[in-house]
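Subject: Structure for your attention

Dear colleague,

Please find below the sequence and structure that I am handing over to you. My notes on what was found follow directly after.

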Amino acid sequence: MNKRIRLRTLLMGGCIALLFVVLVLRIFWLQIVQGSSWHERAVENWTQNSVIKAARGTITDRNGNEMAIDAPAYNVALNPQIIDKYGIKDEIVSGLHEILGTDEAEIEKQATSKNDQGELRTWRELNTGGHLIAQDKADQVNALITKLKQQIDQKYDAGLYLTESSKRYYPQNELASHVLGYTDKEGKAVAGIEAYYDEQLKGSDGKIQYQHDRQGDKLPDSDDVYTPAQNGDNLKLTIDQTIQYYTEQAMKKQYAELKPKSITAIVADPNTMNILAMANMPTFDPNKYNEVPADQYSDFMNLGIKGIYEPGSTFKIVTLTGAVKENLFNADATYQSGSIRVGGWTLHDSHTGWGAITYLSGLKRSSNVAFVKLGYEMLGAERLRKYIDAFGFGVKTGVDLPGEASGAINFNPNIKVEVATAAYGHGKVQVTPLQQLAAVSAVANGGKLLTPHLVQSITNPNTGVTTDTPVHEVRQVIDSATAAKVRSYLEQVVSDQEIGTGRQAYIEGYRVAGKTGTAIKVKTDGSGGYDKNKQVSSFIGFAPANDPKIAVIVVVDEPADPLYGGGKAAAPIFKEIVSQALPYMGVAKVAEDGATTQKKTAKVQPVQVAYTAPTLTGKGLDEAKKKLLAGGIAYTVVGSGTKIVKQYPAAGAPLVSGQSIYLMTEDPTKMAIPDLKGESLRDAMQLLNLMKVQVTTVGTGYVAEQVESEGNGRRIVTLTLKSAKATVTGVDDPEENATGSDGKPTDDTANSNTDTSNKESDDSSSSSTSTDDSSSSTTEKSNSATTQKEDNPETSEEEEASTN
């Protein structure tokens, strides 16, 4: 018996000992062998990470007007447990439906949501209609929350909440929407500048990492890690908000009248290829991108860089330039207009032509025969292609926007009719509006092909460092003497009011050069022929012709009336844009003696007072901005308020063309002093006097530097004044110090291209068609009859060329 007890005891002891050894080994394994791994997991459990969201960079126009910003937004959330506890489901469902427009069934679904155990949840976000709502709707939701709390007599919780967030906001709504693009509700950049510069704009999020107990309270000996957020870069565009407004308003008028498929316009400074305006009709509001019906998604396409089309006679500028450069263009030489036989095909002018005329007359009338002779017979396929390539056709311009098309130059140099039709912009020639504008700007600026761009500078808000976008020269296409000759010929296309196809672009007081274009579109039925009822009408030009400050292209795709060529459909848009933009830019008009003709010697007159300052004090900021934009008056907002407290110049004061109005939205005596660089002493003094700031000046001219200090309880600003040229270049020029009686610079200074004057503009307007006319369609039509219409004043502004 005792023996059995001892054996049983030994067995139990052995088992216990074995279990103890296993336990010790397990503990050793967990704490020693796997100790570091388990420690890391434990640290993860008691470590809290809080993300610090980076602010997306602001996008402004060249004058600092905000075009894309991060604005406060709110998310709606529900607590089904609280809602059920107080029986307020019906009130919340009906209230939110009325405010947000969300379907009542969806709201009720979230308000009664249960987990897997069948218990009501404590948190549900109303993503349908309640995600990133604007301030006005948030105010209504807050009013509903207050009403519910009063109803259930609860001070803190009614089961309905708003969480603060932010969303992208476009203060100017539709203005420049194709340039800006937009971000969706998830913050993903879609199209435009937003997408192209997304990495710079979005920055990088930061975080705070600390250790906490089971209740979530921070441990006193927590080893905190703080990584600051790096906010996104701020972009200053080359776009001028005022010129963009002029451009879109001019397009809207013609869009309503002509009822075309689309209109595209681009405005640029030909000397830098800064894009001052770029627009398309139809357009969209980036704040409401999700409200655009699926069948209207094409409205989002920026046809200025993506639309490919046969340019027609605007392309004759390339052929003309090549002929002039090679000394082949004799303006007074004559040829027989009407028709010409090439490789078994007959190419026509309008009807029977005009008999024997000079080549200059052929240019003015946009004679296809003239350019077949110049491009095909005189230049030949090899030299024609050389100039087409030199002007940048067939490759992307390199503009800082996503999705740019390269176009296509596919004519076969061994097929005579393809070379001949290419000489007047038809057949196997497909371009984008921006390519056309860059090429013609090379003629305007003395022969330099430049890369167009839309971002003037990028500022890192974390370091304060600003990087300017330099002017990039691709190549010298032609010499300045050749460019000057071509400009003089193109000027006569506009100035000749009898036979010039571009005469409707004439602007009294300004010398305008340009060229019309009307190209019939390929049939879409696969036949390879041309549809005479569908055409692309365009105009491209620049002004002043002797010293170009602005270049514009306008493309009207399929105007409802097929008789409306480039002269009738596009030239009036060009005229309205340029006639408003040049005075705004401070470019003086020309006073002429005798008959009104651009060919006479002109005398530059000082800029005259054109209007007076409107009454803006007391008005809301948005209302004031709209009023100034409508009047074509530039402005600068000082302060962060929403109502105009003071303005300068005062209401009723005379304004010189191009002069800005300062809108003060806070107490002027307490506001930060704005950057006055580039302002005249008179304007700087008036503004600083309103702000009760003591001023000391050094030198004469324009504000080049400002230094702020304090003394005797007052703010003091020392202004260093220099000539207009020295303000920009840092090199003094005694001649630049001359000023007129009004304190403004003399004509030469007023017209100088300086960023600090806020008057330098690069205007170009372009338009393009849809991508229906693809490269493949060009291949098909090369073997079909080649037909083109072009502006001719004697035949309803049209010239028709066809092959028989």
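Glu194 is buried, with a relative accessibility of 0%; buried stands for under 20% relative accessible area, exposed for over 50%, and partly exposed for what lies in between (1.4 Å probe, protein chains only). Arg168, at 8% relative accessibility, is buried as well. These two residues form a salt bridge in which the closest N and O atoms are 2.8 Å apart; the term requires a side-chain nitrogen of Lys or Arg within 4 Å of a carboxyl oxygen of Asp or Glu. Because Glu194 belongs to helix H9 (residues 192–196) and Arg168 to strand E5 (residues 160–169), the pair ties together parts that are 26 residues apart in sequence. Helices (H or I, at least four residues) and strands (E, at least two) are DSSP runs, numbered from the N terminus.

Please note that this is a predicted model, in which local features need pLDDT of at least 70 and side-chain atom pairs count only at pLDDT 80 or more, while totals for chains, interfaces and linings use all residues. Residues are numbered from 1 along each chain as its sequence is written, and side-chain values use heavy atoms, with hydrogens and water left out.

Further salt bridges

The structure holds 20 salt bridges. In one of them, Arg383 meets Glu326 at 3.2 Å, N to O. Arg383 lies in helix H15 (residues 368–390) and Glu326 in the loop between helix H13 (316–325) and strand E13 (334–336), so this pair ties together parts that are 57 residues apart in sequence. Both partners are partly exposed, Arg383 with a relative accessible area of 30% and Glu326 with 23%.

Helix H15 also contains Asp389 and Arg385, which are four residues apart and thus separated by about one helical turn. Their salt bridge brings the closest N and O atoms to 2.9 Å. Asp389 is partly exposed at 34% relative accessible area, and Arg385 is partly exposed at 28%. Elsewhere, salt bridges that share partners join Arg56, Asp70, Arg168, Glu194 and Asp198 into one network.

Aromatic pairs

Eleven aromatic pairs were counted. Rings of Phe, Tyr and Trp (its six-membered ring) pair if their centres lie within 6.5 Å, and planes under 30 degrees apart count as stacked, over 60 as edge-to-face and the rest as tilted. How are the rings of Phe284 and Phe300 arranged? They are edge-to-face, at 4.6 Å centre to centre with 90 degrees between the planes. Phe284 and Phe300 are 16 residues apart, and each is in the loop between strand E12 (274–281) and helix H12 (303–306). Both are buried, and together with Tyr182 and Tyr289 they form one aromatic cluster.

An open sheet

Strand E12 also belongs to an open sheet of five strands, in the order E12-E11-E25-E24-E23, with antiparallel pairing. Two strands pair if DSSP finds at least two bridges between them. At the edges are E12 and strand E23 (513–522), each pairing on one side only. Neighbouring strands are turned by 10 degrees against each other on average, direction ignored. Axes are lines fitted to C-alpha atoms, for helices over the stretch in contact, and angles run from 0 to 180 degrees between N-to-C directions.

Within the sheet, eight bridges join strand E24 (residues 530–543) to strand E25 (residues 550–557). Ile540 stands opposite Ile553 in E25. Helix H18 (residues 480–495) lies across E23 and E24, at about 70 degrees to E23.

Helix H13 and the chain as a whole

Nine of the ten residues of H13 are buried, so this helix is largely enclosed by the rest of the structure. Among the buried residues are Ile317, Val318 and Leu320. After H13 comes Asn327, with a positive phi near 60 degrees.

The protein chain has 25 helices and 37 strands. Of its 804 residues, 51% count as buried.

With kind regards

Conventions. Contact means heavy atoms within 4.5 Å.
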